Amino acid sequence: MKKWVVPENSNKRVQRASRMIGKGTGTPEEIQEARDVLSNYRLAHAFPLNAVTVTVRQRALEATPFS
């Protein structure tokens, strides 16, 4: 059982998918594939970004004196 999603695509493929979605070009099948690529990218980076966000938030609250 995996704990998190692993990126399955190269950065170049993610960039191409992003451009295709942004411009709205391509067939419905190509657009769906581009959405799948971007979905995998977002899921693969969600856990690390959340971990960083939580850590930064905790440290900011420790450094800021609230009375």
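Visitor: How many helices and strands are there in the chain?
Guide: This is a predicted model, in which local features need pLDDT of at least 70 and side-chain atom pairs pLDDT 80 or more, while totals for chains, interfaces and linings use all residues. Residues are numbered from 1 along each chain as its sequence is written, and side-chain values use heavy atoms, with hydrogens and water left out. Helices (DSSP runs of H or I, at least four residues) and strands (E, at least two) are numbered from the N terminus. The chain has 2 helices and 0 strands.

Visitor: Which residue forms a salt bridge with Glu-33?
Guide: A salt bridge requires a side-chain nitrogen of Lys or Arg within 4 Å of a carboxyl oxygen of Asp or Glu, and a search of the whole structure finds 1. The closest N and O atoms of the pair are 2.4 Å apart, and the partner of Glu-33 is Arg-13. Glu-33 lies in helix H2 (residues 28-63) and its partner in helix H1, so the pair ties together parts 20 residues apart in sequence; that partner is Arg-13.
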